[in-house]
Amino acid sequence: FKGPKGEAVGSITQPLPSSYLIIRAASESDGRCWMDALELALKCSSLLKRTMIREGKEHDLNSSSDSAHVSFYGLLRANNLNSGENLPLNDSEIERHHFKDQDMYSDKSDKENDHDHDESDNDGLGKSEESDSDTSERQDDSYVDPEPIDIKETTYLEQSHEELGEAGEAAQTEVVSEENKSLIWTLLKQVRPGMDLSKVVLPTFILEPRSFLDKLSDYYYHADFLSEAALEENAYNRMKKVVKWYLSGFYKKPKGLKKPYNPILGETFRCMWIHPRTNSKTFYIAEQVSHHPPISAFYVSNRKDGFCLSGSILAKSKFYGNSLSAILDGEGRLTFLNRGEDYVMTMPYAHCKGILYGTMTLELGGTVNITCEKTGYSATIEFKLKPFLGNNDSVNQISGKIKLGKEVLAILEGHWDSEVTIRDKKTDVSETFWNPTSDVKQRRLPRYTVKFEEQDDFESEKLWQQVTKAINNKDQTEATQEKYVLEEAQRRSARERKLKGEEWTCKLFDQDSVTGEWHYKYADTRPWDPLNDMIQFEKDGTIQTKVRHRTPMVSVPKIKRKPTSQKKGECGFSSPEPDNQDSSGSEAQLMKHNTRIRKKGADLGELQSAIESIKETQEDIKRDIMALRNRVTSNSPTVDNQFLQLKHYIFILLLVLLQLIINFLFK
């Protein structure tokens, strides 16, 4: 209630104090809470700076003297590494000068331990300065840790072969041989117009030798566009970069009319891309979470560059006689971690025509939407099918709009496998928006896949290896046989689970019991902390982050996690390994997803109970109203009584009029 020199509330001290700050709180308890928070913040920052000294990190403040911007990270480290030159006050001197009150320590042992740490830090300072001379200078938020990082991660190898189809209709047509035509006629006898083809066994000659889970990863060869978008301050430019990234995922296509394998239930696929500019990695994890209906769930993460993406796709096929359509029902959700923005997007459908007569051709059709509810920006892109009398220029056409609310800001025109132009609505100026030229394809990010020896038996490449080998050898009979072996094993497993009354449990994804959406079990949507997060890596399908200090992770508020103590200076992982690894800082592990499901189920039950209670109350009110209405009706006079009363009123009125007439006549 009083300052250190007895100042009372409202008093003015002359001269004004310069060595301390008086903070007035609403109550004594509130004031103590603020002082506890201030003390905790001081100790945490002191611990962080001490640990950075011990690890020998280098940051030369003089090298950034020409720059107008000095990062807070650099100031923290320069405060210690150059304490005798640039910033004379180190952390212990700051405490002595500005926090002389002994109450800043919770007890005597804390104070003694703090002084012990100061002495050990001074001893280690010289060593860190010597070792720092050999380390490379940090650039931006990325750096290479001078000490070896002891982590167990998956071994990835750069993809050796990749097929990129040519632009235009020629790369999307298929000439069917006489032998394969007989297979198509045999297939057509099993189907009828409007039928769903998800349960129909397709011939292997139209199969692309890779899984559908693999094909969904084609959108991330230009994930560096998302890295740029995450740093973009202007919301309109951010939306344009997202649309540019979205369009970059279509030009990669196989030659001819090919369809990827239908994934087996429980099948998984992993890959990653390395970003040379930011020294980061984009990880892609996918799993087939349902077979009937066929649903594929995927998760993409690059916390260092500030984005993640998740979603699920339900693949459906419809037969129309001379054509069929492969519909990708579902949506993806792109999140910029530092901004809390979600961009929800849908997918076009694939349309194949010329099955019975004409040339078999594959096209993309439908209207897709990309919306950001937080900023109000949205984009609509229409994939157009070739008209019946259209020329070559009308193949693979798209048109679109970028809008803010209902206002159209820009118009998109072009072809999804070649050049797309953008025209500003206000200035009417057009320019190239996206064009996958040979130079652009050369600069695409290299993709890395899991080393074959480290793959699980249910990973796509290993699971389909015999089918892929037969297709590459053009042995359709062997490919059909190997494909039948896999599909029959899946059917047998399904029958066994049905007999035992068991349900399939997914390895990497869980379904939300309320919304029905599929979520990655080990998702970490915290913004990247360059002071604490060291490197993001993946092991056995679990994407994790190596951290310097174990800190509480706040990702999904409804998931409760169990905190554990951790020694100062130890490193940890921000996402859990399946075999009892810590999820991050002070957490033991992510709780089982069924806990979240039970909690949401309980919340839903409480909500349902509240709704039922409200309905019962409404019914009681209705009954009371009806009872009152009946009582009023029963007490009201009958029609006869009303008639008698009316006669009385008329009689009284006549008497009054007669009295007035008499008074007027005998006035």
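Leaving aside its neighbours within four places in sequence, with which residues is Tyr-246 in contact? In this predicted model, in which contact means heavy atoms within 4.5 Å, Tyr-246 is in contact with Tyr-219, Met-345, Thr-346, Met-347, Pro-348, Val-368, Ile-370, Ile-381 and Phe-383, its neighbours within four places in sequence being set aside. Residues are numbered from 1 along each chain as its sequence is written, and side-chain values use heavy atoms, with hydrogens and water left out. As the model is predicted, local features need pLDDT of at least 70 and side-chain atom pairs count only at pLDDT 80 or more, whereas totals for chains, interfaces and linings use all residues.

The chain holds 14 helices and 23 strands, where helices (H or I, at least four residues) and strands (E, at least two) are DSSP runs numbered from the N terminus. Of its 667 residues, 41% are buried, a term that stands for under 20% relative accessible area with a 1.4 Å probe and protein chains only. Among contacts between residues at least 6 apart in sequence, 60% join residues at least 24 apart.

Tyr-246 also belongs to the largest nonpolar core, which has 57 residues and in which Tyr-220, Tyr-246 and Tyr-284 touch the most other members; a nonpolar core is a set of buried Ala, Val, Leu, Ile, Met, Phe, Trp, Tyr and Cys residues joined through side-chain atoms within 4.5 Å. Helix α8 contributes the largest share of this core, eight residues. A second, separate core has 20 residues, among them Leu-314, Val-450, Phe-509 and Ile-543. In helix α7 (residues 224–231), the buried residues are Phe-225, Leu-226, Ser-227, Ala-229 and Ala-230, and the buried residues of α7 pack against α8, β5, β8, β9 and β17 (430–434).

Ile-285 lies in strand β6 (residues 280–290) and is buried, with a relative accessible area of 0%. Beyond residues up to four places away in sequence, Ile-285 touches Phe-269, Arg-270, Ala-297, Phe-298, Tyr-299, Leu-508, Phe-509, Tyr-520, Glu-538, Gly-541 and Ile-543. The C-alpha atoms of Ile-285 and Thr-542 are separated by 8.6 Å, although these residues stand 257 residues apart along the chain.

Four cavities of 30 Å³ or more were counted, a cavity being a set of points, on a 1 Å grid over the protein atoms alone, where a 1.4 Å probe fits but cannot get out, with lining residues having an atom within 4 Å of a point. Grid points are joined across faces, edges and corners, and a volume is the space filled by probe spheres set on the points. The largest cavity has a volume of about 140 Å³, and its lining includes Tyr-219, Tyr-220, Trp-245, Tyr-246 and Phe-298. Two or more residues of this lining come from each of α8 (235–247), β8 (307–319) and β9 (323–336). By class, the lining of the largest cavity has 10 nonpolar, one polar and one charged residues, where Ala, Val, Leu, Ile, Met, Phe, Trp, Tyr, Cys and Pro count as nonpolar, Asp, Glu, Lys and Arg as charged, and the others, Gly among them, as polar.

The second largest cavity holds about 40 Å³ of space, and the residues of its lining divide into two nonpolar, four polar and three charged. Strand β5 gives the most to this lining, with three residues.

Note on methods
On a 1 Å grid over the protein atoms alone, a cavity is a set of points where a 1.4 Å probe fits but cannot get out, and a pocket is an open set with protein on both sides within 12 Å along at least five of seven lines; lining residues have an atom within 4 Å of a point. Buried means under 20% relative accessible area, exposed over 50%, partly exposed in between (1.4 Å probe, protein chains only).
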